[in-house]
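Morning, everyone. Please look at the structure on the screen while I talk.

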Amino acid sequence: MTSRIPRDSRLRLVRPRALAAAPVRPEGVATQARPPRPAPRPPEGTPPAAELARMARRGLAGAVRVARWADAALSPGRGHGTPDGRGALSVATAERAAADLDLTPRQVRADWDTARLAGLVEVHGDTARPGWRLRAWDRDDTAVLRGWVALFDAWSLAHPAEGSLEAPAVAEVVEAMPQVLSFLQLSAGPVPVPQLLDLLGQRVEELRTERCEIPYGPQPEPAVPASAPLPPLLDWALRGLAAVGALTYADGQATLTPLGSWAVWVKLEQICVAAQSPAGNIEQAAEDMLRGCARLRPNAARAEYRAWLAARPVGSAVTELIAAARGEDALLRGLAFEALRVVGAPAEPVVRSVADEASLRPYALLWLAEYEGADPEDVHLVLTREETTWLWVDTAAAVADHGEAQLLVRHLESAVQPTVPALLDEVRKAGHPRTVQVLVALAAAHPDPALAKAVRRAAFQVHTGGV
C-alpha cells in the first residue's frame with residue numbers, strides 16, 4: 001500500500017463548481033444536437049442595454065431609495081414588519097421611513113411593494129432583507145433590467161384591480177394582455193384604445209373557447225357572463241402597465257415605452273426558444289429532461305434548460321428540479337442545479353430553503369455563492385472540508401454510474417486532499433450513502449495495483465464499520 005501519490009499524479013485543488021458539473025458523458029452518444037441558435041437581436045431602434053438600464057433605474061428610484069433606507073436604518077431581525085408572511089411594513093416603520101425620507105406613509109408602502117416585486121428586497125415570513133439586486137444596482141445593468149422585467153411581469157400586483165371589477169374577469173384580462181402588448185410592439189407607435197379593446201375582446205373569447213368543455217349533467221351559470229364589460233378592465237390594465245413604466249396612456253391611445261417594447265421582445269424570444277427546443281425534451285418531466293441533457297455539451301444543455309423553463313411556470317419548474325435533485329441519481333443532482341443556474345433569481349428562496357438538506361447542501365451553497373456574486377475562483381470557500389469531500393463522493397457516484405472508467409480515475413485529481421490515505425480517511429468520515437460503491441468502482445478502474453488495494457481496503461472498512 002502506498003502512503004503518497006506519485007508526484008506526477010498528486011491530487012490538486014480544483015473549483016468545486018467543476019466537481020458539480022463534471023463532464024459525465026455516456027460513451028458513444030451525441031454531444032451537440034444542432035448548431036447553437038444565433039444570439040437574437042432586439043428590434044431596430046431599441047436603445048442599447050446601458051440606456052435601458054438607465055431608464056429602469058429612473059423608474060425604480062423610489063423603490064431603491066426605500067430599500068436602501070431599510071437596509072441602513074433597520075436592524076436585522078423581527079419587529080419592523082407585520083406577521084402576515086408577506087413582508088409588509090408595520091405602521092410604525094412606515095411612519096419612520098416617511099419622516100426620514102420626507103414622504104407620506106402611503107408613498108413609502110407603495111415604493112416598498114415595488115421593491116419587493118422587483119427583487120430589491122427579499123421576504124422571508126414577516127422579515128425582509130436586501131436582495132442581491134440592490135447590492136448590484138449601481139454596477140450591474142443586467143441585474144437592473146431583470147429587476148424591471150420582474151416588476152413588468154407583476155404589473156397586476158403592483159396596480160391591483162378595484163373591488164368593483166369581477167375577479168374572474170380580471171384574471172381573463174391579465175391572461176389576454178400579452179397579445180395586446182405584442183400588438184402594441186408590432187405597431188411601434190400609438191394605438192387607439194378602441195382598436196385595443198376590439199383585440200382584447202377577441203382574445204378573451206379565444207381563451208373562453210379554449211377552456212370550453214361539455215361535461216355531463218346540469219351545470220351552474222358561468223361565473224363570468226359573456227357580456228362582462230371590458231372597457232373598464234382595459235382601462236385598469238393600461239393604467240397598471242403605465243404605472244410600472246411599460247407604456248404611456250393618454251388622449252385615448254397607448255404607446256409602449258422603449259423599456260416596455262424591449263420587455264415584450266424579451267418575452268417573445270422566450271416563447272421562440274421554447275418552440276425551438278434543441279433536443280426535443282421540452283415536454284418531458286424534469287428527470288427525463290435532465291437525462292437527455294446529460295448527452296449535450298454545456299452550451300446546448302443550457303439552451304435546452306431555457307426552452308424547458310420557458311414552457312412552464314417558474315415555480316413549478318423549480319419544484320420539479322429540486323425533486324429531481326433529491327433522487328438517488330447523483331448525475332441528476334448536479335444537472336438540476338445547473339438548470340437552476342439558468343432560472344436565476346426566482347429559484348433563490350427555494351435553493352436557500354434546501355441548504356440544510358445533507359444531499360443538497362454543497363450544491364445549494366455553491367449556487368447561492370455564485371448568485372450573490374462570489375468570485376468564481378473563490379466560490380469553493382463557502383464549503384467546509386467535509387462538504388467538499390461529500391461533493392467529491394457524490395460526483396464520483398455520478399461518474400461511476402454514467403461515465404467511463406478512465407474518467408473515474410481522473411476524478412481523483414479533483415480531490416482537495418494531497419494523498420490517497422488522507423482522501424480515504426476523509427471519505428470514510430463523510431457519510432455519503434454511496435461511499436462503498438464509489439470506492440469499489442474506483443479500485444476496479446485504477447491501474448495502480450497498490451493504490452487499488454488501498455481503496456478496496458477502505459471500501460471494506462466502510463462496509464463493515466471498521467477503521
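A definition to begin: a crossing is left-handed if the near helix is turned anticlockwise from the far one by less than a right angle, and right-handed if clockwise. What you see is a predicted model, where local features need pLDDT of at least 70, side-chain atom pairs count only at pLDDT 80 or more, and totals for chains, interfaces and linings use all residues. Residues are numbered from 1 along each chain as its sequence is written, and side-chain values use heavy atoms, with hydrogens and water left out.

Helices first. Helices (H or I, at least four residues) and strands (E, at least two) are DSSP runs, numbered from the N terminus. Axes are lines fitted to C-alpha atoms, for helices over the stretch in contact, and angles run from 0 to 180 degrees between N-to-C directions.

Take α16, residues 330-343, and α18, residues 361-371. Their axes come within 11 Å and cross at roughly 20 degrees. The two helices are therefore roughly parallel to each other (angles under 35 degrees count as roughly parallel, over 145 as roughly antiparallel, 65 to 115 as roughly perpendicular and the rest as oblique). The crossing of α16 and α18 is right-handed.

Now α14, residues 298-310. How do α14 and α16 pack? At an angle of about 65 degrees, with their axes 9 Å apart. That makes α14 roughly perpendicular to α16. This crossing is right-handed too. R302, Y305, R306 and L309 in α14 meet L335, E338, A339, V342 and V343 in α16.

Next, the cores. A nonpolar core is a set of buried Ala, Val, Leu, Ile, Met, Phe, Trp, Tyr and Cys residues joined through side-chain atoms within 4.5 Å. Buried means under 20% relative accessible area, exposed over 50%, partly exposed in between (1.4 Å probe, protein chains only). The largest core has 69 residues, and L290, L321, F337, L340 and W392 touch the most other members. Its largest share, nine residues, comes from α16. Another core, of 66 residues, lies apart from it, with W148 and W236 among its members.

Last, G245. Where does G245 lie? In the loop between α11 (231-243) and β4 (247-250). G245 is partly exposed, with a relative accessible area of 27%. Not counting residues up to four places away in sequence, G245 touches W148, T257, L259 and G260. G245 and F152 are 93 residues apart in sequence, yet 8.2 Å apart in space, C-alpha to C-alpha.

How values were computed
Contact means heavy atoms within 4.5 Å.
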